[in-house]
Amino acid sequence: MAIGQVLNHIKASLPEGVTLVAVSKTHPMEAIEEAYAAGQRIFGESRPQELKAKAEALPRDIEWHMIGHLQTNKVRMLMPYVSLIHSVDSERLVREIEKEAARVDRVVDILLEVHVAREESKTGWSGEELTDWLGSDSWRELRHVRVRGVMGIATNTEDEMVVKGDFEALKGWFDRLKPLFGERFDILSMGMSDDYPIAVACGSTMVRVGSKIFGARDYSK
C-alpha cells in the first residue's frame, strides 16, 4: 500500500482531536515528500542533524517535532526549525532550551518525557525527579519555553495489559500536571506504530507513527 493510502487509513481511524506525527527518522526525503503530497504536515525526527537537513530541503510549512533523546549540546542546532520537542527529560535540558530559545528570541513548545516503562534503558523523568522540579517553582520563571504536555513510551512487550498500565500512568501524570500549567497544557503524546490504538483508548491526543507509514527503518543510516 502506498504511503498516502496508509496515512489516510490511519487518520480515518483516529478520533477527532488526536494528532498524527509521521515519524520520518532515517527515511529518505522522497518518502516525506510522498507523505506531504498526501496532506501530512507534521513529521518527527530523532537526530538533530537529520532534522536540520530535512527542514532546510523540504517545504517550509512542515512542522518538525523532535521525538528522540536530545543532548544539551545539540539544542542550538534545532532552534531555527523545531516546532515541538517531545523528549525533554531533565531540568538541565529545560534550562538549555530556555537559554537557546532566548538567544534567538523564540518561545519553544516542549513536552515533559516521563519514564513509565519497565525497561531502565528508556529515558524520561522519574516521578521523584519531576515532583522535585515542579516543587521548586523554577519552571514558573521560564519565559522562552512553553510546557505543552507529557510524552512517554510504553514497555516493549506483547502484554497489552502492561502497555495499557504504562499509558494509564502517563495519563495520570497529564491530569495531575494540567492544573499547574492551565489551558496551554493540552498534549499527551503516547502511542507508536504497534500500540497507538491502546494509547488512544487511554486518552492520547498525539500519536507517533513511523514504520506503519514508511515501512521498516534502515538502522544503518
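**Entry 1: D105**

I began with D105, which sits in the loop between α5 (91-103) and β5 (108-113). The helices here are DSSP runs of H or I with at least four residues, the strands are runs of E with at least two, and both are numbered from the N terminus. Before going on I noted that the model is predicted, so local features need pLDDT of at least 70, side-chain atom pairs count only at pLDDT 80 or more, and totals for chains, interfaces and linings use all residues. I also noted that residues are numbered from 1 along each chain as its sequence is written, and that side-chain values use heavy atoms, with hydrogens and water left out.

I looked up the backbone of D105. Its phi is positive, about 60 degrees, although D105 is not a glycine. Is D105 buried or exposed? D105 counts as exposed, at 66% relative accessibility.

**Entry 2: D137**

Next I went to D137. D137 is in the loop between α6 (127-136) and β6 (145-151). Its phi is near 65 degrees, a positive value in a residue other than glycine. D137 is partly exposed, with a relative accessible area of 35%.

I then checked its side chain. D137 meets R140 in a salt bridge, 3.1 Å from N to O. The rule I applied asks for a side-chain nitrogen of Lys or Arg within 4 Å of a carboxyl oxygen of Asp or Glu. R140 counts as partly exposed, at 47% relative accessibility.

**Entry 3: other salt bridges**

How many salt bridges does this rule give? The count comes to 15. I looked at two further pairs.

R148 forms a salt bridge with D186, with the closest N and O atoms 2.7 Å apart. This pair links distant parts of the chain: R148 is in strand β6, while D186 is in the loop between α7 (160-181) and β7 (187-189), 38 residues apart. R148 counts as buried at 18% relative accessibility. D186 counts as partly exposed at 35%.

E168 and K164 also meet in a salt bridge, 2.6 Å from N to O. Both lie in helix α7, four residues apart, about one turn of the helix. An α-helix has 3.6 residues a turn, so residues three or four places apart point the same way. E168 is partly exposed at 41% relative accessibility, and K164 is partly exposed at 33%.

I also traced shared partners. Salt bridges of this kind join D109, R146, R148 and D186 into one network.

**Entry 4: helix α2**

Last, I turned to α2, residues 29-37. Which of its residues are buried? They are A31, I32 and A35. Seen down the axis of α2, these buried residues fall within an arc of 100 degrees, so they line one face of the helix. I took the arc from the directions that run from the helix axis to the C-beta atoms.

I listed what this buried side packs against: α1 (3-13), β2 (42-45), α3 (48-57), β3 (63-66) and α9 (211-214). Contact here means heavy atoms within 4.5 Å. The face turned away from the buried side carries the exposed residues E30 and A37. After α2 comes G39, with a positive phi near 105 degrees.

Notes
Buried means under 20% relative accessible area, exposed over 50%, partly exposed in between (1.4 Å probe, protein chains only).
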